[in-house]
Amino acid sequence: MTPKQRIDVFISSTSIDLPEHRAAVQNAILSLGLYPSGMENWPVSGENPVGLCQRQVNDAEIYLGIYAHRYGWQPDGFDGQSITELEYEWAGEVRRDGKPIPRLCFVMDNSHPWPVDKMELDAKGKLDAFKARVKENQVGFFTTPDNLKAQVTAALAPYAQRGNRQPAIPYLRWLHEQSKKSGLLHVLTPRDATSDAQPITVEQVYTPLNTRHTVTRDKDGRILPSHEILEWEKSHTDEDEKLKQSPLTAMEAASLFPHLVLLGDPGSGKSTFVNFLALGLSGQMLDPDGNWLERLTEQGWEHGELLPVVVTLRNFAQDVPPDVAGTAALLYDHIQHELTKWKLEAAFPAIQDALDRGRALLLLDGLDEVPGERRDLVRDTIGDFSARCHRDNRFIVTCRILSYTQPAWKLPGMVEQTIAPFDQDKIAHFIDAWYTAMIALNVIDRDTAQKRTADLTRGLNHPHLHDIAANPMLLTVMAIVHNHTGTLPRESARLYQECVNLLMWKWKPTEARSLIETLDVREDDLYRLLWEIAYDAHSQQAGREGAADIPEAAVLGIARRKLGDLTKAEAFCEYVEKRAGLLIGRGQDAYGMRVFTFPHRTFQEFLAGSYIASDRFTRHLPRLARAEGWREALMLAIGHLVFNRGDIATPLDALSAACPERMTPESDEDWRVIWLAGEMLALIGGQNAEQDEVGREVLPRLRGQLADLVGGGHLPPPERAAAGRTLAVLGDPRPGVGCVLLPSPSAAFGRGAGGEGVLPDIVWCDIPAGEHAFQDGKITLPAYRIAKYPITYAQFQTFLDAEDGFNSDEWWVGMPDKYRKQPIDEQRFPYANHPRENVSWYQAVAFCRWLSVQLGYEIRLPTEQEWEAAARHPDSRKYPWGDEYISGYANIDETARYGGDKVGEFFLSQTTAVGMYPQGANPANGVLDMSGNVWEWCLNPYDDPEGGLSEENMRSEAVRVLRGGSWDNSAYFARAASRYYYFIPNLRNLSFGFRVVRLPHLLNR
């Protein structure tokens, strides 16, 4: 007997009062590819209608009940029960695979208006009792036909996928297996394992990702919209009741935004996230009882079963013929072509059906890996497919951060979210998952796993290692190296060196020895051969992202030239692919030749960098520093020289040649060379440079050049911001940003002997006395001076480190006892030249009191009148620079992800070095960063704009004012007149900082 292919949904309701509702439900069922059944008309065959109803219920896979204000026909012989109630009872007895069929019940909302003539008033008692019975299976209350249709569609969607999945089963099995592997997981079978050993899978080690965006949640973890946050803050003033902020997870972002661009740095986990989502959805369709969907839901997925369709955009770009327009049809053709290639073409109608019904999830991986000449075509294809043809489906596109900063790359109508680095909890989760997988694979026993977990966790407490471990790809490499060598290198280049060494020689040592004997070479010779293959591949395709496609002929050609024999070359090629896993087969090219790639681009870059480091690096650097796509390879080359060879002289000589003293930067290319050189010098280390004759010349030169780059507004904001972080590592020499050694006037105030101390170096901007703009009117203020920048992380740290600083009681006098010396929160973006954030109003006031004593004149927070006057002087301007927002003039969210007007393309997801937006200065007084970067605390309560440092103000817990907007807000909040409130003075936040004013008189003590 042929198995039943369709899914019948039996519709049970009284028919004479609900014809439009029944029709809407039938349309919903048909649109999902299911089959509606039920008694629409009396049978003409003479068959008993009661028996016919029961037979149709027995044949159904799903029962769907719709109940309004009629109880329905009561056939003879059933004790007064209506046919509607009988159908509900019969459905409860039907079993499929030993389980009862779903009974989905919908009841009309009693508040919805309904004609009295369509109500069965004399049967109200029975109807109410029946409605009470079905409550355990009730899905919702309905009103109009459209409202009911929407609810039914949502309720039946999971069953629709099951009904249409049969032709897609082979595809789902294939996708499920493919999705288990990501990057290095392709090759990580146990050491010296048999051919049937299972590799580590994405499922075993996947660690949920966060984005860089923060959200506010209630006590149950629900994300609150902004209007609910304000209402909550008004009604809850106790500290224990305050709402908490936490990162938006990547899975939540995938649920919140139907059309999402997921951005991340290399190795941040973009492709692994795509694989995990595809693994879970395909697993759910293959095994509905396997809890796959539950695992996704726990992380924030809210859209049930969608058919996952994964497209590697690099492959798509290669398949598209030249000189064609980017349309949805091209993506359809590519999907069908890929299915055919894997002999899965029978699944295409099922995929097309899911797309047509809006029940698919398109996972478009690696937008950044598309060659430059094909980018417009790919962008237009995605736009056409998502906006015009299949908007009801969900889309996730992955891309590197810097690649997506180019305006021409932007995908219209899509929301951007950026993956955050791993925090300590994520790192711990991965380590535990990794060694749990090792136990499951019988690589190590439980006791050994526990010891190695503890050892690796302890090792990662080192600050530098923690930074490396925040990258999932590098953390995976660290886990591999640590598990097999017991070592934990602290630098990326050493990690890759150890990992390549492990995969080449220690993963399968017996076969490695056999290869060395067969080829009659040294290990170093094969390393150099691997380096040259990587260098050649990278040279051919450096300008595109992702690992290069390497034709087999290219590998064999280089190997034959080095080894002198084609047979040896073939043996080497087979070993590197089949045993070491450093080359992965990607199928065949258009000519039928095999194509390889490295497990990840970073392996390619490390090996290519090692080749450069071994071959006249000083000559290579000035040229390659200006070539597209060589940045990471050059950084790893420096790391290889410094950490694997112990050579700092060669890289310092190369940096001196690349950025000579006479260099006058004129183009973005020149500034990018300076930025790259600064990153290289940071890797070498300032202290190491100061021990070298050339280094002592290079270090101050590059500091100055980087300071000119950052403070001069050169390069687009994302690159300039990265250069600012590099400058923080080397030491930012700009006045007003860091600290200086100053004599303390403390003896004059009875504080003992004077002396020198490290104090904030503040540059003051003069605000003249007179009339100034404030809100919609004018105010008169005396002259004062305001800091050019917000207080930086380095400057605030002097307060924390000073013997008479943070822990001294005198700075907290008059404040509520419970907030005195309130614990200092960690800086979220810990760069010395960034604004100090996560500071409460009380902590900012204590800092001002301390600094006043150190410098001998009165320093305090500005009142908001003073703050606004400085921002709007002299002509009541809307922004510090003028009356219109200009893209790239402030560190804000220009993209309007959460409302407001879109004013540009930039959203940097974090604070930036102060003063890196010189165009955003108020030209009348030179004050910088008054729009964006961090919100700045003002002195006064919200209801008292002139409030000062009175005892009453100190004791009050009334909400204070913040000004200026932040990196996470729109242009609306960055206006000079915008007032931010509802924040009590003990609140700390990763976007709250402050700047200070100096009064003209000396401190009076």
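**Reading the model feature by feature**

Mentor: Let us begin with burial: Phe 273 counts as buried because its relative accessibility is 1%, and buried means under 20%. Please keep in mind throughout that this is a predicted model.

Trainee: Where is Phe 273 found?

Mentor: Phe 273 is found in helix α10, which covers residues 270–286.

Trainee: Which residues is Phe 273 in contact with, leaving aside its neighbours within four places in sequence?

Mentor: With those neighbours left aside, Phe 273 is in contact with Tyr 206, Leu 209, Ala 250, Met 251, Ala 254, Leu 262 and Ile 396.

Trainee: Is Thr 84 buried or exposed?

Mentor: Thr 84 counts as buried because its relative accessibility is 3%. Thr 84 belongs to helix α3, residues 83–93. Beyond its neighbours within four places in sequence, Thr 84 is in contact with Ser 12, Ser 13, Thr 14, Tyr 63, Tyr 67, Tyr 71 and Phe 130.

Trainee: How does one read a sheet?

Mentor: In general, the strands of a sheet pair through backbone hydrogen bonds, and the pairing is either parallel or antiparallel. Here, an open sheet of five strands runs in the order β2-β1-β3-β6-β7, with parallel pairing.

Trainee: Which are the edge strands?

Mentor: The edge strands are β2 (35–37) and β7 (138–142), each of which pairs on one side only. From one strand to the next, the twist averages 25°. Helix α4, residues 124–134, packs on this sheet and touches β3, β6 (103–108) and β7. The direction of α4 makes about 135° with that of β6.

Trainee: How many bridges join strand β1 and strand β3?

Mentor: Strand β1 (residues 8–13) and strand β3 (residues 62–67) pair in the parallel sense over five bridges. As an example, the bridge partner of Phe 10 in β3 is Tyr 63.

Trainee: How should I read the packing of two helices?

Mentor: One examines the angle between the axes, the handedness of the crossing and the residues that meet. The axes of helix α27 (residues 617–624) and helix α28 (residues 631–644) come within 11 Å and cross at roughly 160°. The angle therefore makes α27 roughly antiparallel to α28, since angles over 145 degrees count as such. The crossing of α27 and α28 is left-handed.

Trainee: Which residues of α27 and α28 make the contact?

Mentor: On α27 they are Phe 617, Leu 621 and Leu 624, and on α28 they are Leu 634, Ala 637, Ile 638 and Leu 641. By class, the contact of α27 with α28 has seven nonpolar residues, no polar and no charged.

Trainee: How do the axes of α27 and α29 cross?

Mentor: The axes of α27 and helix α29 (residues 649–658) come within 8 Å and cross at roughly 40°, which means that α27 is oblique to α29. This crossing of α27 and α29 is right-handed. Phe 617, Thr 618, Leu 621 and Pro 622 of α27 meet Thr 650, Pro 651, Asp 653, Ala 654, Leu 655, Ala 657 and Ala 658 of α29. The contact of α27 with α29 divides into eight nonpolar, two polar and one charged residues.

Trainee: What is the phi of Ser 909?

Mentor: Phi of Ser 909 is near 70°, a positive value in a residue other than glycine. Ser 909 lies in the loop between α36 and β25, and counts as buried because its relative accessibility is 2%. Asn 933 is found in the loop between α36 and β25, and has a positive phi of about 70° although it is not a glycine. Asn 933 counts as buried because its relative accessibility is 2%.

How values were computed:
Residues numbered from 1 in each chain as written. Predicted model: local features only at pLDDT ≥ 70, side-chain atom pairs only at ≥ 80, totals over all residues. Heavy atoms only, no water. Helix = DSSP H or I, 4+ residues; strand = E, 2+ residues; numbered from the N terminus. Buried < 20%, exposed > 50% of the residue type's maximum accessible area, 1.4 Å probe, protein only. Axes fitted to C-alpha atoms, helices over the stretch in contact; angles between N-to-C directions. Parallel < 35°, antiparallel > 145°, perpendicular 65-115°, else oblique. Left-handed = near helix turned anticlockwise from the far one by under 90°. Contact = heavy atoms within 4.5 Å. Nonpolar A, V, L, I, M, F, W, Y, C, P; charged D, E, K, R; others polar. Pairing = 2+ DSSP bridges.
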